[in-house]
Amino acid sequence: MAQQPPEAPGVRSRRFWSLRPRSDRDAGDAITSNFLLHAMPAKVSNASMAWTYSFWLGTITAALFLLLVLSGLPLLFLYVPSVERAYQSVKDIEYVVSFGKWLRAVHRVAAHGMVIAVVFHLARVFFTGAYKNGVGRNQHREWNWVIGVVLLLLTLFLSFTGYLLPWDQLAFWAVTVGTNIASAIPWVGPSVRELLIGGREIEQATLIRFYVLHIVVLPGAVAALFGYHMWRVRKDGGLARADREEQLETPRTVPPTPTKTYTLLGVARGTAPTVTAKTLIAADTTVNAVPDLVRRALIATLGTIALISILAVFIASPLEEPANPLITPNPAKAPWYFLWLQEIVTDTTIHLGSFTINGAFIGGVILPGLLIGVLTLWPWLDRSPREATGEWFHPARRTQNLVFIVVMVAILLLTYIGMEMRGPYWEFFWPWETWPSLPSRI
Amino acid sequence: MGGTDRRDFLIKLGTGAGACALGAQGVASLRSLAPNVSYDAPTTVKLGPPAEFSDGLKFLADERLFIFRNGNTFHAVSAVCTHLGCTVRAEALPKPETVDVGGSPLQLTHQFSCPCHGSHYTGDGVNTSGPAPKPLSWYRLSVAADDGQLVVDLAEEVGRDFRLTV
Ligand code: HEM
Ligand code: FES
């Protein structure tokens, strides 16, 4: 009879990893032996897992991105990126292809949802002061904030490039107005626009550019940066909420835990086991990432996908007449998340004697540029103490929270005005007023 | 000793060569995206015999242009909004008025409005309200030497006193 070979370390008899570990060691193993899970810590503090701390908005954003990739794949087989056929192919998706209408709606609803989720995520991070560094040495949460700003811009640009693809009137004029803002930059403007749209008019060169950006370049960039974003969370010692835990509780004595192999912050600072433990390291305030963290992440992800799938049944995707460069619809509106800019662009042309500054430059370039700049540098402008890390509406950050709210409300208000209160010729109408009927063509 | 020197040198050589190659690939890839030729429409366009234009205004969608005729004089005003490039629309005035434009009288029959952000222009293209920073362009009109058609030169702006008399 053949001899059984000896047991070798690292060789596993089970076909898959375990999501139901029987011991702490098993739980740690579930992470280190799994490619998808290896970015997670072995232990997480209960507090940072709370639904009401992060509202899991980052996870929801990531889930939406995943859903966009999944729903984008079938569209990719059906959509033809040529000015002659793009419109017809989207029309086919909408009216001919089995489930095409729903798939397109899923993709669109998820895209709009992702813009919303990413903004909410940013607001959550702001209000909790989660870009601040708490207890650890060499923490750099501000870097992750900057990466987040880039991810926000990428998301907006992804959505904007997708907006052109159906090649209908809505798409064409939104992109005309959007890219014309670039040409308002002094000196380099026209060249920037030319590079963006691949020529001087919006036509085939523009469509293929936006298409490639939309399906390869930008999703790739989002995926790569998202990976780095998550890695930084790990290397900063987990969510800012965990730091707070460490700062505020008085140390207490806990019995040494013999089976402990990892702690959440173990990589970044110090070693276990401890006898005088701060709460974070105490066994009763943390749980194993497998299965607790994994379970919640799955709930957030599946919940998001379920919600979008249902919404997509009820929300129809617009498809107007085919793009016609000769006829501007009246009114012509940008995508909703740029309407506040369109509103500003409308109101900011300045006349100083004989000297005129185009509103497109102030409202389309200077103001958003300033806003993004200040947003990016905010962690360095915030002078609040370390204690304000990882807590909702910490009193020390009251003024800046107010400023943030005021700016957000202003943007929302302008968006609402642009959406609901601008009629033909961009004239102001109250929501209850009816628009005058005008001939749609001359 | 010589060994470490050589290893050092080879590491630097390898890294340098790799960086140069990547850089060249990157520059070439990016440069390929900046268009060298632009297949724009020609800027001088024949618009048809003058007799085909009736008195008043005619909108030419392809050229995004308004042609005005008043008796035997013609002029052309661009329909491209000077703010962000949407196509403006013409609205007939309840009653035409004659004003002095660039030293010569001009009968204004229309005014222009932009659907994108609501700029308004008078019938001779002067911006009156809204975000438009400057007046609509006027372009040179001429008569083709070969077949007598009206020709516009979209590359040549002219002053508001320009009239083509046929
Ligand atoms: C963050 C990620 C993404 C966002 C925000 C986004 C957004 C959008 C938007 C707004 C549209 C226009 C849909 C419409 O108006 O009908 C669109 C269309 C499209 N997207 Fe995406 N998208 C994303 C990712 C992807 C990915 C990853 C793929 C491919 C793998 C993809 C493939 C497509 C295709 C083929 C269309 C054209 C079909 C259509 O217009 O219905 N998208 N996208
Ligand atoms: S493009 Fe005409 S007002 Fe903005």
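## A walk through the model

Start at ligand 1: sorted by class, its shell holds 13 nonpolar, 5 polar and 2 charged residues. In that count, Ala, Val, Leu, Ile, Met, Phe, Trp, Tyr, Cys and Pro are nonpolar, Asp, Glu, Lys and Arg are charged, and the others, Gly among them, are polar.

Some ground rules before you click on. This is a predicted model, where local features need pLDDT of at least 70, side-chain atom pairs count only at pLDDT 80 or more, and totals for chains, interfaces and linings use all residues. Residues are numbered from 1 along each chain as its sequence is written, chains are lettered from A and ligands numbered from 1 in the order in which they are written, and side-chain values use heavy atoms, with hydrogens and water left out.

**Stop 1: around ligand 1.** Select A:Arg104, A:His107, A:Leu158, A:Gly162 and A:His214, which come nearest of the 20 residues around the ligand; a residue belongs here if one of its heavy atoms lies within 4 Å. Which atoms of the ligand meet the side chains of A:Arg104 and A:His107? For A:Arg104, an oxygen of ligand 1 sits 2.7 Å from a side-chain N or O atom. For A:His107, a nitrogen of the ligand is 2.7 Å from such an atom, and for A:His214 a ligand nitrogen is 2.8 Å away from a side-chain N or O.

Now show the helices. In chain A, α4 (57-78), α6 (100-127), α7 and α10 (204-235) each supply at least two residues of the shell, and α4(A) gives the most, with 6 residues. Helices (H or I, at least four residues) and strands (E, at least two) are DSSP runs, numbered from the N terminus.

**Stop 2: A:Glu142.** Stay with α7 (residues 141-164) of chain A and pick A:Glu142. This residue is buried yet has no salt bridge, and A:Arg232, the nearest side chain of opposite charge, is 7.7 Å away. Buried means under 20% relative accessible area, exposed over 50%, and partly exposed in between (1.4 Å probe, protein chains only). A salt bridge puts a side-chain nitrogen of Lys or Arg within 4 Å of a carboxyl oxygen of Asp or Glu. For charge, Lys and Arg count as positive and Asp and Glu as negative, while His and the chain ends are not counted. Beyond its neighbours within four places in sequence, A:Glu142 contacts A:Tyr131, A:Asn133, A:Pro379 and A:Trp380 (contact: heavy atoms within 4.5 Å).

**Stop 3: helix α1.** Go to residues 24-32 of chain A, where A:Asp26, A:Ala27, A:Gly28, A:Ala30 and A:Ile31 are buried. The buried residues of α1(A) pack against β4 (286-288) and α12 (289-314) of chain A.

**Stop 4: salt bridges.** Select A:Asp24 and A:Lys43, whose closest N and O atoms are 3.3 Å apart in a salt bridge. A:Asp24 is in helix α1 and A:Lys43 in strand β1 of chain A, so the pair ties together parts 19 residues apart in sequence. Is A:Lys43 buried or exposed? A:Lys43 is buried, at 13% relative accessible area, whereas A:Asp24 is partly exposed at 27%.

Then hop to chain B, where B:Lys46 bridges to B:Asp146 with closest N and O atoms 3.0 Å apart. B:Lys46 lies in strand β1 (residues 44-48) and B:Asp146 in the loop between β9 (138-143) and β10 (150-158) of chain B, so this pair ties together parts 100 residues apart in sequence. B:Asp146 is exposed, with a relative accessible area of 63%.

How values were computed. Polar contact = N/O pair within 3.5 Å; in protein donor to acceptor, adjacent residues only side chain to side chain.
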